[in-house]
Amino acid sequence: MIRARLRAFRGVLVVAAILGGAGCAASRVPPPDRPVFVGSSASSSPSTPSVAPSVGVSPSAGVDPAVPSTGVPSRPAVASVPGATPTGARAPVVDHGPRTGSRVALTFDADMTDAMLANLRSGRVKSYANLRILDLLERERVPATFFLTGKWVQRYPDVTRRIAGNPRFELANHTYGHAAFTGDCYDLPALPVDELAGDVARTFEVIAPYGGRQTRYFRFPGLCHDAATLEALAPLGVTVVDGDVVSGDPFATAWKPLVRAVLDHVRPGSVVIMHVTEANAAMTDEALPHILAGLRKRGLAPAPLSEVLAASPVS
């Protein structure tokens, strides 16, 4: 079912890649032969400690936009950080949590490519940070998990600080510049797989100084991954998160189809994929109030990704 729904968005994804790459992370068809696991080794404690910063920057201080080193950042023991797995093993993949209870995870990708940065510099695009989404989530006290690219964080340090400062929000990794690491990923800019670990580690280093509820969750742009890319992540001890409910918000021109796409398919344990990139996902903030109302009507409640996945161990 999820693969069929993902294929339906392929045409939108190609346009998204051509116009800047935002939104492609939400709708890639996972390779049919890749392992899919349900659950996480993460702790469900609401007071998860932060990943230890590799540079001495306070979460409340200004963040130097200079590119950090690409070494693997230090981090606490596996059990203390949601999504952390033993290093040296192939990265596990999750699509959703257990199909029990009432919790669902709302996840928002924050894409940023070089083409998107060029759009901002030229004035063609005003913003790739949808503050109306944050306003609503904060006002309604709704938990969410944000998959951040390093370049988005560096472009929007104040918005990142706002996300990290909310105890209901979790921070996760979406690569440094929204590049692909497989051969066919919707025309996204591609990097060789041997650069993947350094790219992801670099992004953790960019995010780490902001503190907050940091995780070892990682999402591939376009959900494009294969055996080689999962093996390449082994030194980092991460959990790869795809998702089972695709909103289809990239470049949408109306909000009602997004609401239907989510509410028609959401179930207990679902991981919903949306975007916080405004110009490339302009209808998400219009759809979100209706999505939240529909979840309540169905007896479902948003929760941090770590809590949705925690009830079942990674295989």
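**Group meeting: a walk through the predicted chain**

Let's start with contacts. Take the pairs in the protein chain that lie at least 6 residues apart in sequence. Of those contacts, 83% join residues at least 24 apart. One caution before we go on: this is a predicted model.

Now the overall count. The protein chain has 315 residues, and 58% of them count as buried. Its secondary structure comes to 11 helices and 9 strands.

For packed helices, we give the angle between the axes and the distance between them.

First pair: helix 4 and helix 10. Helix 4 covers residues 131-139, and helix 10 covers residues 284-297. Their axes are 9 Å apart, at an angle of about 20°. Angles under 35 degrees count as roughly parallel, so helix 4 is roughly parallel to helix 10. The crossing is right-handed. Which residues of helix 4 and helix 10 meet? From helix 4, look for Arg132, Ile133, Leu136 and Leu137. From helix 10, look for Thr284, Asp285, Leu288, Pro289 and Leu292. By class, this contact has 6 nonpolar, 1 polar and 2 charged residues.

Stay on helix 10, and bring in helix 9, residues 256-263. Here the angle is about 35°, and the axes of helix 9 and helix 10 are 8 Å apart. The crossing of this pair is right-handed. Keep an eye on Thr284.

The axes of helix 4 and helix 6 come within 12 Å and cross at roughly 15°. With under 35 degrees counting as roughly parallel, helix 4 is therefore roughly parallel to helix 6. The crossing of helix 4 and helix 6 is left-handed. Helix 4 contributes Leu131, Leu134, Asp135 and Glu138, and helix 6 contributes Val159, Arg162 and Ile163. That contact of helix 4 with helix 6 divides into 4 nonpolar, no polar and 3 charged residues.

Is aspartate 158 buried or exposed? Exposed: its relative accessible area is 56%, and over 50% counts as exposed. Its side chain makes a polar contact of 2.8 Å with the side chain of arginine 161. Now look across to tyrosine 210. Aspartate 158 and tyrosine 210 are 52 residues apart in sequence, yet 9.9 Å apart in space, C-alpha to C-alpha.

Last stop: glutamate 170, in strand 4, residues 169-173. Glutamate 170 has a relative accessible area of 0%. Under 20% counts as buried, so glutamate 170 is buried. Which side chains does glutamate 170 reach by polar contact? One is threonine 145, at 3.1 Å. Another is serine 306, at 2.4 Å. Leaving out residues up to four places away in sequence, glutamate 170 touches several others, including Pro82, Phe146, Arg213, Tyr217 and Leu305.

Aspartate 158 is exposed, whereas glutamate 170 is buried.

How values were computed. Residues are numbered from 1 along each chain as its sequence is written. This is a predicted model: local features need pLDDT of at least 70, side-chain atom pairs count only at pLDDT 80 or more; totals for chains, interfaces and linings use all residues. Side-chain values use heavy atoms; hydrogens and water are left out. Helices (H or I, at least four residues) and strands (E, at least two) are DSSP runs, numbered from the N terminus. Buried means under 20% relative accessible area, exposed over 50%, partly exposed in between (1.4 Å probe, protein chains only). A polar contact is a pair of N or O atoms within 3.5 Å; within protein, one must be able to donate a hydrogen and the other to accept it, and residues adjacent in sequence count only if both atoms are side-chain atoms. Contact means heavy atoms within 4.5 Å. Axes are lines fitted to C-alpha atoms, for helices over the stretch in contact, and angles run from 0 to 180 degrees between N-to-C directions. Angles under 35 degrees count as roughly parallel, over 145 as roughly antiparallel, 65 to 115 as roughly perpendicular and the rest as oblique. A crossing is left-handed if the near helix is turned anticlockwise from the far one by less than a right angle, and right-handed if clockwise. Ala, Val, Leu, Ile, Met, Phe, Trp, Tyr, Cys and Pro count as nonpolar, Asp, Glu, Lys and Arg as charged, and the others, Gly among them, as polar.
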